[in-house]
Structures are given as C-alpha cells and as structure tokens.
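Visitor: Hi! Could you walk me through this structure in plain words?
Guide: Happy to, let's take a look together.

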Amino acid sequence: EFESLAPSNRQCTSLTSCNVAEFELIPPTATSDRYCATVSICTPDEFQVRVPSSTSDRVCIPITMCGSNEFKARPPTCERTCLLMTSCNDAEFETKDPTATTDRQCATVNNCTESEFESVAP
C-alpha cells in the first residue's frame, strides 16, 4: 500500500498489480503507486533478443534484410543470416530456381563425345 494523502489524516490505497501483459516500469514507494507498462510485441521485421520479466520489457531488434542476390539461411525467429546465391558458371545450367529461403542449384552441362551430336541445346 502507499500513502495517498498528507500524514495529518493518512489514507492507504492498495498497490496496483501489473497483469501478465505488463511489467513494472516504476516501482512503488511509500507515497506513490507502481506504474505498469504494456509489454512490447516484436513486429514481423524484428526478433526478440530479451524476454520480458515482471520488471523489464521485451527487447526486439530488426531482422537483417537479405539483398536481391542473397537468400535467408535461418528463419526470422532469430537473427537472419543471408548467404550469397550460387551463380552457375559457363559449364553449368540452373536446375532449381532460387527462392527467398533456398539457394539456386546448378548442374554440369553434358558434353557430347565425338560419336554423339547435340540434339537439345542447354
């Protein structure tokens, strides 16, 4: 409880209790109530680096955004790692397109022998 009036005719009031979606931002004193604040929620472009407690807020930081020539190597439940996409060289062809979460796959182009001819171009 805390004092809500001057000591001449003291009145006491029950302290506020923070609910499960709140944390104690300012603790109570003998003459003031505790102040509760709403726990932050990470956005889809952030991930949590510290869980909330009864006296501290959740801490979220932005997820690394991958470039157009990169793919996401880890899901956004933690810091994202972006890796460069594989580039097929002149002796290879693309067998699987890259996506936001998978790399491009390449395979070696077949070379015709002297006893063969190219019936389908790569």
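Guide: Let's begin with a term: a disulfide here is a pair of cysteine sulfur atoms within 2.5 Å. This is a predicted model, where local features need pLDDT of at least 70 and side-chain atom pairs count only at pLDDT 80 or more, while totals for chains, interfaces and linings use all residues. Residues are numbered from 1 along each chain as its sequence is written, and side-chain values use heavy atoms, with hydrogens and water left out.

Visitor: What sort of bond is a disulfide?
Guide: A disulfide is a covalent bond between the sulfur atoms of two cysteines.

Visitor: How many disulfides come out by this rule?
Guide: The count is three disulfides.

Visitor: Which residue does Cys42 pair with?
Guide: Cys42 is joined to Cys60, with 2.0 Å from S to S. The torsion about their S-S bond is about -85°, so this disulfide is left-handed.

Visitor: And where do Cys42 and Cys60 lie?
Guide: Cys42 is in the loop between E4 and strand E5 (46–50), and Cys60 is in strand E6 (residues 59–62), so the pair ties together parts that are 18 residues apart in sequence.

Visitor: Is Cys42 buried, partly exposed or exposed, then? What decides that?
Guide: Cys42 counts as partly exposed, at 22% relative accessibility. Buried means under 20% relative accessible area, exposed means over 50%, and partly exposed is in between, using a 1.4 Å probe and protein chains only.

Visitor: Which residue is joined to Cys18?
Guide: Cys18 forms a disulfide with Cys36, also listed with an S to S distance of 2.0 Å. Cys18 sits in the loop between strand E2 (12–13) and strand E3 (22–26), while Cys36 is in strand E4 (residues 35–38), so this is a link between distant parts of the chain, 18 residues apart. The torsion about the S-S bond is about -90°, so the Cys18 and Cys36 disulfide is left-handed.

Visitor: Buried or partly exposed, for those two?
Guide: One of each. Cys18 is partly exposed at 26% relative accessibility, whereas Cys36 is buried at 12%.

Visitor: What about Cys88, what does it bond to?
Guide: Cys88 forms a disulfide with Cys106, and their sulfur atoms are 2.0 Å apart. This link is left-handed, with -90° about the S-S bond. Cys88 is partly exposed with a relative accessible area of 27%, and Cys106 is partly exposed at 24%.

Visitor: New topic: how many helices and strands does the chain have?
Guide: The protein chain comes to zero helices and 10 strands.

Visitor: What about salt bridges, how many are there?
Guide: The structure holds two salt bridges. A salt bridge means a side-chain nitrogen of Lys or Arg within 4 Å of a carboxyl oxygen of Asp or Glu.

Visitor: Which residue does Arg34 meet in a salt bridge?
Guide: Arg34 pairs with Glu24, and their closest N and O atoms are 2.6 Å apart. Arg34 lies in the loop between E3 and E4 and Glu24 in strand E3, so the pair ties together parts that are 10 residues apart in sequence. Glu24 is buried, with a relative accessible area of 16%, but Arg34 is partly exposed at 21%.

Visitor: And which residue meets Glu94?
Guide: Glu94 and Arg104 meet through their side chains, at 2.4 Å from N to O. Glu94 is in strand E9 and Arg104 is in the loop between E9 and E10, so they tie together parts that are 10 residues apart in sequence. Glu94 is partly exposed at 34% relative accessibility.

Visitor: Last one: where is Phe71, and what does it touch?
Guide: Phe71 lies in strand E7 (residues 70–72) and is buried, with a relative accessible area of 10%. Not counting residues up to four places away in sequence, Phe71 touches several residues, including Cys66, Thr81, Leu83 and Met85. Here a contact means heavy atoms within 4.5 Å. Phe71 and Thr81 are 10 residues apart in sequence and 8.4 Å apart in space, C-alpha to C-alpha.

Key. Helix = DSSP H or I, 4+ residues; strand = E, 2+ residues; numbered from the N terminus.
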